[in-house]
Amino acid sequence: MVKSLAAINHDNACFSFYDKFRDRKSIDFSIVSLAGILQAESGRLKEARLVLGSVAPIPIVCREAEAYLEGKEISEDIAEEAAELALKKALPHPHNQYKINIAKAMIKRAVLGSRTEEKLL
């Protein structure tokens, strides 16, 4: 049940996204999904919100990765570390370990995509 909803007025430097990894391009359930908002200014992340879906019974908010990203200059190394932090407590089942690598790749792609105005999706 949704108990509250907050609308935040972000400026143009805000990159919001929803990415869904799935087997087929047509309508299909996601294997891993990632939603978020990344707000960059002068090549640095001012704000980061990342939520993983389809990896647990409930959406997973990546709080450690969010805190790590804020104030950092966007780079490959920063994106890699954020992905590691987001998944460091993951406890995969024997047959879904592959989801960790997919989630890490999606996080890296989103962080790096926030430094350009190009659409990722």
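A: Let's start with a definition: a residue is buried under 20% relative accessible area, exposed over 50%, and partly exposed in between (1.4 Å probe, protein chains only). This is a predicted model, where local features need pLDDT of at least 70, side-chain atom pairs count only at pLDDT 80 or more, and totals for chains, interfaces and linings use all residues. Residues are numbered from 1 along each chain as its sequence is written, and side-chain values use heavy atoms, with hydrogens and water left out.

Q: Why does Glu 70 count as partly exposed?

A: Glu 70 has 31% relative accessibility, so it counts as partly exposed.

Q: What makes the contact of Glu 70 and Arg 49 a salt bridge?

A: A salt bridge needs a side-chain nitrogen of Lys or Arg within 4 Å of a carboxyl oxygen of Asp or Glu. Here the N to O distance between the side chains of Glu 70 and Arg 49 is 2.8 Å, and they do meet in a salt bridge. Glu 70 sits in the loop between α1 (63–69) and α2, while Arg 49 is in strand β3 (residues 44–53), 21 residues apart. Helices (H or I, at least four residues) and strands (E, at least two) are DSSP runs, numbered from the N terminus. Glu 47 joins in too: together with Arg 49 and Glu 70 it is part of a network of salt bridges.

Q: Why is Arg 49 called partly exposed?

A: Its relative accessible area is 36%, so Arg 49 gets that label.

Q: Which residue does Lys 108 form a salt bridge with?

A: With Glu 80, and the closest N and O atoms are 3.1 Å apart. Lys 108 lies in helix α3 and Glu 80 in helix α2, so this pair ties together parts that are 28 residues apart in sequence. The whole structure holds 9 salt bridges.

Q: Why is α2 called oblique to α3?

A: The axes of helix α2 (residues 76–87) and helix α3 (residues 98–113) come within 8 Å and cross at roughly 140°. Axes are lines fitted to C-alpha atoms, for helices over the stretch in contact, and angles run from 0 to 180 degrees between N-to-C directions. Under 35 degrees counts as roughly parallel, over 145 as roughly antiparallel, 65 to 115 as roughly perpendicular, and the rest as oblique. That is why α2 is oblique to α3.
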